[in-house]
Amino acid sequence: MTEALTLFVDRIRTPIGGMDVVTDGEGKLRATGWADQQERMQRRLRIAYGEGGYRLEAARKRSRAAEAIGRYFAGELEAIDGLAVEAAGTPFQREVWRALRRIGAGTTASYAQLAERIGRPAAVRAVGLANGANPIGVVVPCHRVI
């Protein structure tokens, strides 16, 4: 049996509410979620890592990811650009999420444009589903797709 993945959760304040920032032992960002939607994040973690496949602990100190997201909300939009992320998902989902990170702050893309960018122009609906399954909101900017 594989040992459960230990994940660390850190709550930060943002101008639009509390945000939980989940990182692994290497400091890679695994998930984000709004404090008032904890069950949603827990459900996504169970889907990603399996029931009993992870355990969530309070962060011992402020993570680099939490600091960067805080700076982002303070107006330093490029603060999150270099964060290491490690989201569990299918190869297709991870491909879409990588493409999302290339959409610059202040810009948007359509689902069709994103599908073309990953070389799958007919996969517009699948891109939309992958976008909706994104576990790392803000840093993987699903909100920039219209």
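## Arg55 and Glu57

Arg55 is partly exposed, with a relative accessible area of 38%; here buried means under 20% relative accessible area, exposed over 50%, and partly exposed in between, with a 1.4 Å probe and protein chains only. Its side chain meets that of Glu57 in a salt bridge, at 3.2 Å from N to O. A salt bridge is a side-chain nitrogen of Lys or Arg within 4 Å of a carboxyl oxygen of Asp or Glu. Glu57 is also partly exposed, at 26%.

The structure is a predicted model, in which local features need pLDDT of at least 70 and side-chain atom pairs count only at pLDDT 80 or more, while totals for chains, interfaces and linings use all residues. Residues are numbered from 1 along each chain as its sequence is written, and side-chain values use heavy atoms, with hydrogens and water left out.

## Overall fold

The chain contains five helices and four strands. Helices (H or I, at least four residues) and strands (E, at least two) are DSSP runs, numbered from the N terminus. In sequence order the pattern is β-β-β-α-β-α-α-α-α.

The radius of gyration of the chain is 15 Å, which agrees with the value near 15 Å for a compact globule of 146 residues. This radius is taken over C-alpha atoms, and the globule rule is 2.2 Å times the number of residues to the power 0.38. The C-alpha trace spans about 45 × 40 × 25 Å along its principal axes. Of the 146 residues, 38% are buried.

## Other salt bridges

The salt bridges in the chain number 11. One of them joins Lys28 and Glu86, whose closest N and O atoms are 3.8 Å apart. This pair links distant parts of the chain, 58 residues apart: Lys28 is in the loop between strand E2 (17–24) and strand E3 (29–34), and Glu86 is in the loop between helix H2 (64–73) and H3. Lys28 is partly exposed at 25% relative accessible area, and Glu86 is partly exposed at 33%.

Another salt bridge is formed by Glu76 and Arg71, with 3.4 Å between the closest N and O atoms. Glu76 has a relative accessible area of 33% and is partly exposed; Arg71, at 36%, counts as partly exposed.

## Positive surface patch

Arg94, Arg98, Arg102 and Arg117 gather in a patch of positive charge on the surface. Patches are made of residues with over 30% relative accessible area and no salt bridge; like charges are joined within 9 Å, and nonpolar side chains (Val, Leu, Ile, Met, Phe, Trp, Tyr) within 5 Å. Lys and Arg count as positive and Asp and Glu as negative, with His and the chain ends not counted. The place of a charge is taken as NZ of Lys, CZ of Arg, CG of Asp or CD of Glu. Accessible areas come from the Shrake-Rupley method with a 1.4 Å probe.

Arg102 lies in the loop between helix H3 (91–101) and helix H4 (111–117). Arg102 is exposed, with a relative accessible area of 60%.

Val138 is not a glycine, yet has a positive phi of about 75°. Val138 is located in the segment after helix H5 (124–132) and counts as buried, at 11% relative accessibility.

Ala58 is in strand E4 (residues 54–58) and is exposed, with a relative accessible area of 59%. Its C-alpha atom is separated by 19 Å from that of Glu86, 28 residues apart along the chain.
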